[in-house]
Amino acid sequence: MTEIVPVSAPELVTYADELAALLVETVDGGSSVGFLAPLDRGAAACWWRERAASLAAGHQQIWIARDGERIAGTIALVRAPLPNARHRAEVAKLMVRPSAQGRGLGRSLLDAVERSAAEDGVRLLVLDTESGSAAERLYRSAGWTECGSVPDYAADPAGVLRPTTYYYKAVGPAGPAPAQAASPSASL
């Protein structure tokens with residue numbers, strides 16, 4: 001059975017090597033998630049460890065999906081850094097191991113983030129993904145609304161520029177923006 005759990009900053013450092021393997025596998029499978037192939041596993045582990053400070057400061061949250069002893073997927077929620085944007089957050093780095101795909105794990109990770117964001121008073125979520133990707137089908141089926149595309153926005157793992165599509169989803173109650181602290185130096 002797969003369990004989805006949030007991770008703390010120290011846990012993220014502990015899981016960095018396993019998350020690096022997932023990231024490398026994801027990039028090798030054709031999803032850039034911000035990286036080019038070939039992605040060095042050591043560099044990927046370093047990237048994950050660098051997220052720990054942001055996690056500890058409350059600027060983002062990360063969940064992992066454990067399938068037995070192995071991490072089968074991950075997702076992040078990145079808080080908007082400015083006071084006028086406390087009501088929104090970005091969903092980022094949704095990854096599911098190819099061997100675990102097709103079992104609803106991506107949807108479960110997405111549901112966990114949406115639920116947590118709403119519980120924390122976040123009312124609007126945004127994300128972007130490569131246009132025409134399998135991820136688009138997931139987001140549409142989960143009730144996300146497409147709001148536009150940008151041509152040649154990001155390179156795929158092979159370095160070819162591809163369009164990116166932006167999505168949003170309203171979650172949580174209407175009302176004033178939540179009173180979370182925001183650092184002027186933080187950025188999406």
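Let me begin with Ser99, which is found in the loop between β4 and α3; helices here are DSSP runs of H or I with at least four residues, strands are runs of E with at least two, and both are numbered from the N terminus. At 53% relative accessibility, Ser99 counts as exposed, on a scale where buried means under 20% relative accessible area, exposed over 50%, and partly exposed in between, with a 1.4 Å probe and protein chains only. The C-alpha atoms of Ser99 and Ala72 are separated by 8.3 Å, although these residues stand 27 apart along the chain.

Two remarks on the source. This is a predicted model, in which local features need pLDDT of at least 70 and side-chain atom pairs count only at pLDDT 80 or more, while totals for chains, interfaces and linings use all residues. Residues are numbered from 1 along each chain as its sequence is written, and side-chain values use heavy atoms, with hydrogens and water left out.

I turn now to the sheet. In what order do the seven strands of the open sheet run? The order is β1-β2-β3-β4-β5-β7-β6, and the pairing is mixed; two strands pair if DSSP finds at least two bridges between them. At the edges stand β1, residues 2-7, and β6, residues 145-155; each has a single partner strand, so one side of each is left without a neighbour in the sheet. On average, neighbouring strands of this sheet are turned by 25° against each other, direction ignored. For this and the other angles, axes are lines fitted to C-alpha atoms, for helices over the stretch in contact, and angles run from 0 to 180 degrees between N-to-C directions.

Consider individual pairs. Strand β2, residues 60-67, and strand β3, residues 70-79, are antiparallel and share eight bridges. Within this part of the sheet, Arg66 stands opposite Ile71 in β3. Further along, β5 and β7 run antiparallel, joined by seven bridges, and the bridge partner of Val126 in β7 is Tyr168. Seven bridges also join β6 to β7, again in the antiparallel sense, with Ala154 opposite Arg162 in β7. β6 and β7 form a hairpin with five residues between them, and Gly159 in the turn has a positive phi of about 95°.

Next, the helices on the sheet.

How do the helices meet one another? The axes of α1, residues 9-28, and α2, residues 41-56, come within 8 Å and cross at roughly 145°. The contact includes Leu12, Ala16, Asp17 and Leu23 of α1, and Trp47, Trp48, Arg49 and Leu55 of α2. By class it has 16 nonpolar, no polar and four charged residues, where Ala, Val, Leu, Ile, Met, Phe, Trp, Tyr, Cys and Pro count as nonpolar, Asp, Glu, Lys and Arg as charged, and the others, Gly among them, as polar.

That brings me to charge. Side chains of opposite charge can pair when their charged atoms come close. A salt bridge is a side-chain nitrogen of Lys or Arg within 4 Å of a carboxyl oxygen of Asp or Glu, and by this rule the count comes to eleven. One of them joins Arg49 and Asp17 at 3.7 Å, N to O. This pair links distant parts of the chain, with Arg49 in helix α2 and Asp17 in helix α1, 32 residues apart. Arg49 is partly exposed at 37% relative accessible area, and Asp17 is likewise partly exposed at 46%.

A second example is the salt bridge of Glu136 with Arg140, at 3.4 Å, N to O. Both residues lie in helix α4, residues 134-141, four residues apart, about one turn of the helix. Is Glu136 buried or exposed? Glu136 is buried, with a relative accessible area of 5%, whereas Arg140 is partly exposed at 43%. Arg140 also meets Glu146 in a salt bridge of 3.0 Å, N to O, and Glu146 is partly exposed at 39%. Elsewhere, salt bridges that share partners join Glu25, Arg70 and Arg97 into one network.

Technical notes:
Contact = heavy atoms within 4.5 Å.
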